[in-house]
Every structure is written in C-alpha cells, then in structure tokens.
Amino acid sequence: MADVGVRAARREDVLQVANVQIRAWRYGYRDFLPEGPLEQMTGPAAEKMWLRQWDEAIVAPPTSRHRVLVAVETILDTEGFPALGVGGSGVPATPRGGERVVGLASHAPAEDPDLDPTEVAEMLTLLVDPDFVRRGHGSRLLNATVDHLRQDGYRQIATWVFADNYAVLGFLESAGWGEDMAERVLDMGRPIRMVRLTTDIS
C-alpha cells in the first residue's frame with residue numbers, strides 16, 4: 001500500500017517533475033500531436049531545457065503567486081514500481097519507505113490580455129504519470145490548486161487544453177470547468193487547436 005498527498009515542490013523534486021512531464025506528454029499526447037514535434041518536446045535536448053525551467057520555477061519563482069505543487073506516493077510496504085511503464089521511459093526504482101513524485105500542477109497570475117491577472121489565475125500544468133492515473137492524484141492536485149488560489153484572493157481560474165485531449169477535457173468538465181469560447185491554433189506541421197476552460201472559485 002502507499003500513502004498519498006500533495007505538497008509544494010522542492011529543489012530535490014526537479015528531476016522527478018521533469019520526468020513526470022515528459023512521460024505524461026509522450027503517453028497522453030501521442031494520439032493527437034504529430035510525432036516530430038512531440039519528439040522535440042520530450043527528447044534529450046528538451047529534457048535538459050525542462051530541468052532548467054523547473055528548477056527556476058520551483059526554487060526562484062517570479063512571485064509568491066507562482067507555485068508548483070506535486071502529488072506524491074510514499075511506499076509503506078513492498079509494493080514495487082514498474083521498471084518500464086506505459087509512459088515509454090524508464091522509471092527509477094523507489095525504495096520501501098521512499099517518496100515518489102507522481103504528478104504535478106503549476107499556476108500563476110493569468111497572462112491572457114482579456115483576463116484580469118488580479119482576479120484570474122492560470123493553471124499552467126496538470127499532469128499525472130501514466131503509471132499512476134486513476135488513483136485520485138489529478139483530483140487532489142486540482143483541489144490543492146483551488147485552495148491556494150482562493151487563499152490568494154482569486155475569483156476564477158483559466159487553463160488551456162488541446163482540443164483533442166478528450167481525457168483532460170472530460171476530467172475538467174466533470175469538475176465544473178467549461179470552455180469560454182477562446183481558442184488558439186499552434187503550427188506543429190499541421191494546425192493544432194487549443195481551447196480555454198475556466199471555472200469560478202469565488
């Protein structure tokens with residue numbers, strides 16, 4: 001069995017945070033993103049970039065309203081972790097009694113020009129390692145994000161999601177989020193549409 005929870009990310013989490021992001025992207029985006037751009041986002045060169053960016057985001061955020069949260073599991077018995085999971089990259093073994101980062105969420109004041117950054121925050125990231133889905137980590141991360149942003153005085157949260165990422169869209173909609181008609185199109189060898197979802201937390 002395992003003990004689970006959500007806490008603020010620490011410097012020693014940087015490597016695991018980057019690993020969760022890459023594994024989640026490889027597995028979760030493979031059905032709707034072109035192979036080339038996805039490889040560029042998750043390959044060795046990109047991994048080094050993400051390590052630098054997560055280190056900065058966790059250790060030296062621009063403001064106190066920029067946060068990175070992690071979902072963790074602490075192994076309480078001899079439960080093991082797969083050496084190679086569905087995410088497509090190796091997972092470092094976790095010793096008995098060790099804590100493993102299995103998901104992450106990050107947020108900041110909204111930057112979209114049509115949103116008021118004093119009242120609206122943006123959830124920049126919500127990812128769970130593909131070997132640890134359906135264990136409640138996404139819901140715990142989402143609830144912790146809402147709790148922090150309410151304490152900061154925000155009234156609304158926005159986030160951008162790939163329009164073909166039906167799993168995330170369904171998850172957020174079941175939690176009370178809805179599309180607000182804003183969208184953007186990325187050029188990734190072919191047009192890739194993203195939609196913006198919002199939720200009221202006042």
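The largest nonpolar core here has 29 residues, and Val-17, Tyr-29, Leu-33, Trp-54 and Phe-162 have the most contacts inside it. Seven of the core residues come from helix 1, the largest share from any element. Keep in mind that this is a predicted model.

| Element | Residues |
|---|---|
| Helix 1 | 14–28 |
| Helix 2 | 35–42 |
| Helix 3 | 44–59 |
| Strand 2 | 67–75 |
| Strand 3 | 99–109 |
| Strand 5 | 156–162 |

Strand 7 belongs to that group too, and the strand covers residues 191–200.

So what does Trp-54 touch? Leaving aside residues up to four places away in sequence, its contacts are Val-14, Val-17, Ala-18, Gln-21, Val-68, Leu-104, Ser-106 and Thr-125. There's also a second, separate core of 24 residues, with Val-146, Leu-169, Leu-197 and Ile-201 among them. In soluble globular proteins, nonpolar side chains tend to be buried together.

Over in strand 7 sits Thr-199. Is Thr-199 buried or exposed? Thr-199 counts as buried because its relative accessibility is 10%, and the cut-off for buried is under 20%. Beyond residues up to four places away in sequence, Thr-199 touches Arg-155, Gln-156, Ile-157, Gly-176 and Trp-177.

Zooming out, the protein has five helices and seven strands, arranged β-α-α-α-β-β-β-α-β-α-β-β from the N terminus on. Of its 202 residues, 49% are buried. Among contacts between residues at least 6 apart in sequence, 71% join residues at least 24 apart.

Note on methods: Residues are numbered from 1 along each chain as its sequence is written. This is a predicted model: local features need pLDDT of at least 70, side-chain atom pairs count only at pLDDT 80 or more; totals for chains, interfaces and linings use all residues. Side-chain values use heavy atoms; hydrogens and water are left out. Helices (H or I, at least four residues) and strands (E, at least two) are DSSP runs, numbered from the N terminus. Buried means under 20% relative accessible area, exposed over 50%, partly exposed in between (1.4 Å probe, protein chains only). Contact means heavy atoms within 4.5 Å. A nonpolar core is a set of buried Ala, Val, Leu, Ile, Met, Phe, Trp, Tyr and Cys residues joined through side-chain atoms within 4.5 Å.
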